[in-house]
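Welcome! Have a look at the sequence and the 3D view below, and then we will walk through a few places together.

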Amino acid sequence: MVAERLQHVLVGVRYRLLPFTEAHISDRYIGWLNDTIVNRFTDHVRWVRQTHETVLAYVRSFYQETEKYMWGVSLGDTGELIGTATLAAVNRHHGSGGIGLMIGEQRYWGQGASIEAIELMERFAFETLGLRRLTAVTLAPNHAMNFSLKRLGFTMEGKLRQAFRLSSGDYVDGYCWALLAEEWSARRQAAVPRKMSEVAP
Amino acid sequence: MISKTAQKSPPRDRIAHVISAVFGIPAEAVTDDDSPDTIPQWDSLSHINLVLALEAEFGISFSPEDVMEMLSVRLIRLILTERGVAV
């Protein structure tokens, strides 16, 4: 079951999601996690200086018994790693899961990587895993991610008032987002199909 | 600095003028139906630039909820109108 999680390569138009393992941990990746611009809206990593050891424990947590997935977001043509994407909190009883995303390579911000990575995870969650509800939590000032989720049809279901503290000391609201499988299907039928696929294990 | 063109013929629609400047498209071509689906340059990063440009143009500060909802020219106009801004 754990090994099976390493086999899901998600292929998009410009980007692809490759299972992220210990072998992908690099100084560059750790550098993203410690970058105060990249990590300013991440909840956990910015409170602790990230090292090879902390990152190793984090990555290994994706390959233990609890069902969750971690991918490296890479360029489709060169394979360059530019970020990571996660599908965690998978609950088969409820048919739900929560996504996370970090585009660490800042020169790819605004290049459609977030949208495509989320679309790939949507398809994987709803088609491959058969989930019915996909969730995300963002910080209110994370306008770029809020924009992407709203654009992809997620509904902002609620607000976590003053739930998160920024490095500046300011408290900000959290936004709870969700997309249902039927909403995703309806959007797909209405949209022009894009060339996306999952490479068969 | 205001260009000669702008001095001669100021845009009738301030929102269209801002969108034109941010996305590099003619102001005359901007319609209320325009959105990230019709303007490819309108991505997550340029959305932030658009918000900052609108705030500068109209002298207001948008809430995070406003920023989240501004996904078409029509919605931008609606939000500005609700804020009592003449657009």
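Which residues does B:Ile25 touch, not counting residues up to four places away in sequence? In this predicted model, B:Ile25 touches B:Ile19, B:Ser20, B:Val30, B:Ile39 and B:Gln41. The briefing below begins with that residue, then turns to the interface, a helix pair and the salt bridges.

**Around B:Ile25**

- You can find B:Ile25 in the loop between α2 (14-23) and α3 (44-58) of chain B.
- One of the residues B:Ile25 touches is B:Ile39; the two are 14 residues apart in sequence and 9.0 Å apart in space, going from C-alpha to C-alpha.

- The size of an interface is often given as the accessible area lost when the parts come together.
- Here, chain A and chain B bury about 1300 Å² between them, and 69% of it is on carbon and sulfur atoms.
- On the side of chain A, the residues that lose the most area to chain B are A:His143, A:Phe147 and A:Arg151, which together account for 44% of what that side buries.
- Counting contacts instead, 14 residues of chain A are in contact with 14 residues of chain B.
- Five residue pairs are in polar contact across this interface, with both residues of a pair at pLDDT 80 or more.
- Three elements of chain A give two or more residues to the side that touches chain B: α4 (143-151), β7 (155-165) and β8 (171-180).
- Among these elements, α4(A) supplies the largest share, with seven residues.
- By type, the residues on that side of chain A divide into seven nonpolar, four polar and three charged.

**Two helices that cross**

- Two packed helices are described by the angle between their axes and the distance between the axes.
- In chain A, the axes of helix α1 (residues 27-34) and helix α2 (residues 52-61) come within 10 Å and cross at roughly 95 degrees.
- Because of that angle, α1(A) counts as roughly perpendicular to α2(A).
- A:Tyr29, A:Ile30 and A:Leu33 from α1(A) meet A:His52, A:Val55 and A:Tyr58 from α2(A).
- The residues of this contact are five nonpolar, one polar and no charged.

**Salt bridges**

- Side chains of opposite charge can pair when their charged atoms come close.
- Over all chains, the structure holds 17 salt bridges.
- Between chain A and chain B the count is three, including the one in which the side chains of B:Glu65 and A:Lys159 meet (2.3 Å, N to O).
- Within chain A, the side chains of A:Arg28 and A:Glu105 also meet in a salt bridge (2.8 Å, N to O).
- A:Arg28 lies in helix α1 and A:Glu105 in the loop between β5 (96-103) and α3 (113-128) of chain A, so this pair ties together parts that are 77 residues apart in sequence.

Key: Residues numbered from 1 in each chain as written. Chains lettered and ligands numbered in written order. Predicted model: local features only at pLDDT ≥ 70, side-chain atom pairs only at ≥ 80, totals over all residues. Heavy atoms only, no water. Contact = heavy atoms within 4.5 Å. Buried area = accessible area lost by both parts, 1.4 Å probe. Salt bridge = Lys/Arg side-chain N within 4 Å of Asp/Glu carboxyl O. Polar contact = N/O pair within 3.5 Å; in protein donor to acceptor, adjacent residues only side chain to side chain. Helix = DSSP H or I, 4+ residues; strand = E, 2+ residues; numbered from the N terminus. Nonpolar A, V, L, I, M, F, W, Y, C, P; charged D, E, K, R; others polar. Axes fitted to C-alpha atoms, helices over the stretch in contact; angles between N-to-C directions. Parallel < 35°, antiparallel > 145°, perpendicular 65-115°, else oblique.
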